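This briefing is meant for a reader who is meeting the structure for the first time. Please keep the sequence and the model in view while reading the points below.

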Amino acid sequence: MPAGTKVVISLAGADRDPNRWEDPNTFKLGRPRIKEHLAFGRGAHTCIGNPLARAEVRVLFDRFFEHTSGMTLSEERHGPAGDRRLSYEPSYIVRGLTELHVELTPAFAYTAAET
Ligand code: HEM
């Protein structure tokens, strides 16, 4: 590679490296050494908004699970388990779905007074 060549590092790709992470495309809570992930970068330019982003997600999930007891992917829109139809944004930077359809189960039964 010639000196001065511009390089873009795919942090999202690094976090799905099968040489580094066992079964990298599966969502697993409690992975060993999870703090070594690169979602917020590393070194001098590590994400300064990291604590704010984590706090926002914590509040989001706290509120979400107060009202929701279950969530499943829509089989109508994404196909059955084992044969899903998912499409991703064409990006080297962010791994994001173009659309996501889910079905939610309320955490409690709504009464007429609450509607
Ligand atoms: C889930 C949410 C977020 C993710 C995944 C994320 C990811 C990243 C990554 C990977 C970098 C390093 C880029 C590099 O190496 O050049 C970065 C830098 C940065 N992020 Fe975030 N970020 C998030 C949220 C935020 C928020 C909420 C803020 C501000 C309120 C923020 C502000 C910044 C700033 C200012 C930098 C540049 C730091 C520097 O160059 O010294 N980020 N972010």
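Predicted model: local features only at pLDDT ≥ 70, side-chain atom pairs only at ≥ 80, totals over all residues.

Helix α2 holds both Arg 63 and Glu 66, which are three residues apart, or about one turn of the helix.

**Salt bridges**

- Under the rule applied here, the count of salt bridges comes to five.
- Arg 63 and Glu 66 form one of these salt bridges, with their closest N and O atoms 3.4 Å apart.
- Arg 63 counts as partly exposed because its relative accessibility is 48%, and Glu 66 is likewise placed in the partly exposed class, at 45%.
- Another salt bridge joins Glu 36 to Arg 20, and here the closest N and O atoms are 2.5 Å apart; the two residues both lie in the loop between α1 and α2, yet they are 16 residues apart, and the pair links distant parts of the chain.
- Glu 36 has a relative accessibility of 35% and so counts as partly exposed, while Arg 20, with a relative accessible area of 29%, is partly exposed as well.
- Arg 20 and Glu 36 also belong to a network of salt bridges in which Arg 33 is linked with them.
- A salt bridge is also formed between Asp 23 and Lys 28, whose closest N and O atoms are 3.7 Å apart.
- Lys 28 is partly exposed, its relative accessible area being 32%, and Asp 23 is also partly exposed, at 39% relative accessibility.

- Arg 31 is located in the loop between α1, which spans 11-14, and α2, which spans 50-67.
- The side chain of Arg 31 does, however, reach two backbone oxygens, that of Asp 23 at 2.9 Å and that of Thr 26 at 2.8 Å.
- When neighbours within four places in sequence are left aside, the residues in contact with Arg 31 are Trp 21, Glu 22, Asp 23, Pro 24 and Thr 26.

**Arg 16 and its surroundings**

- Arg 16 is another residue of the loop between α1 and α2, and it counts as partly exposed because its relative accessibility is 31%.
- The side chains of Arg 16 and Asn 25 are joined by a polar contact of 2.8 Å.
- Beyond its neighbours within four places in sequence, Arg 16 is in contact with Trp 21, Pro 24, Asn 25 and Arg 95.
- Arg 16 and His 37 are 21 residues apart along the chain, and their C-alpha atoms are separated by 9.5 Å.

**Positive phi angles in the loop**

- Asp 23, which is found in the loop between α1 and α2, has a positive phi of about 50° although it is not a glycine.
- Arg 33 has its place in the loop between α1 and α2, and its phi, near 55°, is again a positive value in a residue other than glycine.
- Is Arg 33 buried or exposed? Arg 33 counts as exposed, because its relative accessibility is 55%.

**The ligand and the residues around it**

- The residues around the ligand are Leu 11, Ala 39, Phe 40, Gly 41, Ala 44, His 45, Thr 46, Cys 47, Ile 48, Gly 49, Leu 52 and Ala 53.
- How many residues of this shell are nonpolar, polar and charged? The shell divides into eight nonpolar residues, four polar ones and no charged ones.
- His 45, one of the residues around the ligand, has a polar side-chain atom that lies 2.6 Å from an oxygen atom of the ligand.

Technical notes. Residues numbered from 1 in each chain as written. Heavy atoms only, no water. Helix = DSSP H or I, 4+ residues; strand = E, 2+ residues; numbered from the N terminus. Polar contact = N/O pair within 3.5 Å; in protein donor to acceptor, adjacent residues only side chain to side chain. Contact = heavy atoms within 4.5 Å. Near = heavy atom within 4 Å. Nonpolar A, V, L, I, M, F, W, Y, C, P; charged D, E, K, R; others polar. Salt bridge = Lys/Arg side-chain N within 4 Å of Asp/Glu carboxyl O. Buried < 20%, exposed > 50% of the residue type's maximum accessible area, 1.4 Å probe, protein only.
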